[in-house]
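Here is a short tour for anyone meeting this structure for the first time. Keep the picture at hand and follow along from sheet to helix to loop.

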Amino acid sequence: MEVKLIKKSDNEIMFYVNDISVTLANAVRRSSFEIPIIAIDELEIYANDSALFDEVLAHRVGLIPIKPTRDIVMQEQCSCNGKGCSKCQLKLKLEAEGPCWVYASELKGEGKAIYADMPIVWLDKKQKLKFVAIARKGKATKHAKFQAGLVVYKPVAILKSYNTSYVKQHAQEIQQLCPKKALTVNNNKLLLDAEKCDLCLYCTEHSEAGIKIETSDKDFIFYIETYSYLKPEEIFIKALEVLSSNLTELQKQIKKLK
Ligand SMILES: [Zn+2]
């Protein structure tokens, strides 16, 4: 197995993983839904004169990604037996009076909005909004607001064959063919950039160059984009930890069968 970095920034990472099975790649992707993440889960609304119903407002606030000031445990695993306490809950407050747009940055307390400029609601003159938000740790298998980020993969595209004499004569035309600009002609040879190719197969269907593209069944490109407080590489590592811990638990239970 080999891992090679393609690109990395604060909120995204892209890398090759060679020589793994598609089942393992998919198991890691699906395990990312089980990474525990802190999100706003309940609103205690004291005033809401806005045009939004309380339920719509609560749903909207719940989807705002927040960066907590401290870590908490899952409420169902807490020593409070699920009643709710400072070990499993964080509190944030918001108070505003119109006329104004209320933005995510106005959430104050044991966490702050990662994207400060997200608008929550418009308040007209003298309209008030006041609530306490309770954040809890949860998993995306329960609700999308607990999703750490986007984890996707694609098989590496392989250029299998093409008509060499056609490519030689129509080099310019072929380079223009791919919508992702993944094809280049160098010294009369056709080259495919696997990072850019999204396997749309437009080139195979709309050219007389006889281009044949296949997908690898053991080499993949992973792309991870975070929209939570976890770094993109942390999301991948935590997904692996989740997968590993689920397998360990399964192993433990199976051993009990003896
Ligand atoms: Zn608790």
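## Before we start

Two strands count as paired if DSSP finds at least two bridges between them. With that in hand, take strands S1 and S2 (residues 12–18): they run antiparallel and are joined by 6 bridges. One more thing to keep in mind is that this is a predicted model.

S1 and S2 belong to an open sheet of 4 strands, which come in the order S1-S2-S14-S11 with antiparallel pairing. S1 (2–8) and S11 sit at the edges with a single partner strand each, so one side of each has no neighbour in the sheet. From one strand to the next, the twist averages 25°.

Now zoom in on the pairs. S1 and S2 make a hairpin, with 3 residues between them. Glutamate 2 has asparagine 18 in S2 as its bridge partner. On to the next pair: S2 and S14 also run antiparallel, and 7 bridges join them. Here tyrosine 16 stands opposite isoleucine 221 in S14.

## Two helices on that sheet

Which strands does H1 touch as it packs on this sheet? H1 touches S11 and S14, and its direction makes about 155° with that of S11. H6 packs on the sheet too, touching S2, S11 and S14, with its direction at about 110° to that of S14.

The two helices also pack against each other. Helix H1 (residues 22–31) meets helix H6 (residues 232–256) at an angle of about 100°, and their axes are 8 Å apart. Angles of 65 to 115 degrees count as roughly perpendicular, so that is how H1 and H6 lie to each other. On the H1 side, the contact is made by Ala27, Val28 and Ser31; H6 brings Ala239, Leu240, Val242 and Leu243. Sort these residues by class and you get 6 nonpolar, 1 polar and no charged ones.

## The two faces of H1

Which residues of H1 are buried? They are Ala25, Val28 and Ser31.

What covers the buried residues of H1? The cover includes strand S11 (149–161), strand S14 (212–226) and H6. Look at the face of H1 turned away from its buried side and you'll find the exposed residues Thr23 and Asn26.

## A second open sheet

There is also an open sheet of 4 strands in the order S3-S10-S5-S7, again with antiparallel pairing. Its edge strands are S3 (37–48) and S7 (108–109), each of which pairs on one side only. Helix H2 (residues 54–62) packs on this sheet, where it touches S3 and S10, and its direction makes about 150° with that of S3.

For a closer look, pick S5 (residues 90–97) and S10 (residues 128–138), which pair in the antiparallel sense over 8 bridges. Within this pair, alanine 96 stands opposite leucine 129 in S10.

## Loops worth a look

Find alanine 182 in the loop between helix H4 (171–177) and strand S12 (183–186). Is alanine 182 buried or exposed? A residue counts as buried if 20 or more other C-beta atoms lie within 10 Å of its own; alanine 182 has 22, so it is buried. Leaving aside residues up to four places away in sequence, alanine 182 touches Leu192, Asp193, Lys196 and Cys197. Cysteine 203 is 21 residues from alanine 182 along the chain, and their C-alpha atoms are separated by 10.0 Å.

Most residues other than glycine have a negative phi, and most peptide bonds are trans. Aspartate 19, in the loop between S2 and H1, has a positive phi near 65°. Asparagine 81, in the loop between strand S4 (66–68) and S5, has a positive phi near 60°. Aspartate 19 counts as exposed because it has 10 C-beta neighbours inside 10 Å, and asparagine 81 counts as exposed with 10 such neighbours. Finally, the peptide bond from glycine 98 to proline 99 is cis, with omega near 10°. Proline 99 sits in the loop between S5 and strand S6 (100–103).

Notes. Residues are numbered from 1 along each chain as its sequence is written. This is a predicted model: local features need pLDDT of at least 70, side-chain atom pairs count only at pLDDT 80 or more; totals for chains, interfaces and linings use all residues. Two residues are in contact if their C-beta atoms, placed from the backbone, lie within 7 Å. Axes are lines fitted to C-alpha atoms, for helices over the stretch in contact, and angles run from 0 to 180 degrees between N-to-C directions. Angles under 35 degrees count as roughly parallel, over 145 as roughly antiparallel, 65 to 115 as roughly perpendicular and the rest as oblique. Ala, Val, Leu, Ile, Met, Phe, Trp, Tyr, Cys and Pro count as nonpolar, Asp, Glu, Lys and Arg as charged, and the others, Gly among them, as polar. A residue is buried if 20 or more other C-beta atoms lie within 10 Å of its own, exposed if 12 or fewer, and partly exposed in between; C-beta atoms are placed from the backbone.
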